[in-house]
Amino acid sequence: MLERIKNKGPEDGCSNKQDILRRCQKLDRLFEETQKQRCLKRQSELRILSFRERGGIYMSIDGRGNLVKTGGGNHRLLIAQILGLEQIPVQVGIVHIDGIDAFLQLRKERGERIRLGGEKADTLGLSGETPTGGISNQR
């Protein structure tokens, strides 16, 4: 990361070795807390003015209804996978027009209380199943 900072400038809010160490300590605390509680907190639990899980795990739905990791939240997703969490809070970004039916079915199956465009985060499973809930490695 120091090399990346040297070549491209600040990364993940870090501009020197001390920043990197603080970031790693923060991620270690997140891992330990998640391991203890067996769930990831929603962004609204971490920040009062959070909107739609912004800053959390960002996923989209492709044309076959598969979840695709498309934005931020990589560390949180990896922590959830390492700990074997079955559900995680995500911010759903782009939903391909051909994936809308699968997305709505996924929400129905999961008993979601919110609608598209709602202010609360979606909670989607990490079961690995497709087309309604699996995480695709496609980018």
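Visitor: Okay, where does Ile97 lie?
Guide: This is a predicted model, just so you know. Ile97 is in the loop between strand S3 (87–95) and helix H5 (100–110).

Visitor: Is Ile97 buried or exposed?
Guide: Ile97 counts as exposed, because its relative accessibility is 66%.

Visitor: And which residues form a nonpolar patch on the surface with Ile97?
Guide: Ile100 and Leu104 do. Together the three have about 270 Å² of accessible area.

Visitor: Switching topic: which residues are buried in helix H4?
Guide: In H4, which covers residues 74–82, the buried ones are Arg76, Leu77, Ile79 and Ala80. They span an arc of only 160° around the axis, so they sit on the same side of H4.

Visitor: Why would residues a few places apart point the same way?
Guide: An α-helix has 3.6 residues a turn, so residues three or four places apart point the same way.

Visitor: What follows H4?
Guide: Gly84 does, and its phi is positive, near 70°.

Visitor: Now pockets. What volume does the largest pocket have?
Guide: About 450 Å³. Its lining has 20 residues, and those nearest the centre are Arg23, Lys26, Leu27, Leu30 and Arg76.

Visitor: Which helix supplies the largest share of that lining?
Guide: H2, with eight residues. H2, helix H3 (43–46) and H4 each give at least two.

Visitor: How many salt bridges does a search of the whole structure find?
Guide: Five. One of them joins Arg23 and Asp12, with their closest N and O atoms 3.7 Å apart. Arg23 is in helix H2 and Asp12 is in the loop between helix H1 (2–8) and H2, so the pair ties together parts 11 residues apart in sequence.

Visitor: How exposed are Arg23 and Asp12?
Guide: Arg23 is partly exposed, with a relative accessible area of 21%. Asp12 is partly exposed too, at 47%.

Visitor: What about Arg64 and Asp62?
Guide: Their side chains meet in a salt bridge, 4.0 Å from N to O. Arg64 is exposed, with a relative accessible area of 53%, whereas Asp62 is buried, at 13%.

Visitor: Last one: where is Gln35?
Guide: Gln35 is in helix H2, residues 17–37.

Note on methods. Residues are numbered from 1 along each chain as its sequence is written. This is a predicted model: local features need pLDDT of at least 70, side-chain atom pairs count only at pLDDT 80 or more; totals for chains, interfaces and linings use all residues. Side-chain values use heavy atoms; hydrogens and water are left out. Helices (H or I, at least four residues) and strands (E, at least two) are DSSP runs, numbered from the N terminus. Patches are made of residues with over 30% relative accessible area and no salt bridge: like charges are joined within 9 Å, nonpolar side chains (Val, Leu, Ile, Met, Phe, Trp, Tyr) within 5 Å. Accessible areas come from the Shrake-Rupley method with a 1.4 Å probe; for residues, only the protein chains shown count as cover. Buried means under 20% relative accessible area, exposed over 50%, partly exposed in between (1.4 Å probe, protein chains only). The arc is that of the directions from the helix axis to the C-beta atoms. On a 1 Å grid over the protein atoms alone, a cavity is a set of points where a 1.4 Å probe fits but cannot get out, and a pocket is an open set with protein on both sides within 12 Å along at least five of seven lines; lining residues have an atom within 4 Å of a point. Grid points are joined across faces, edges and corners, and a volume is the space filled by probe spheres set on the points.
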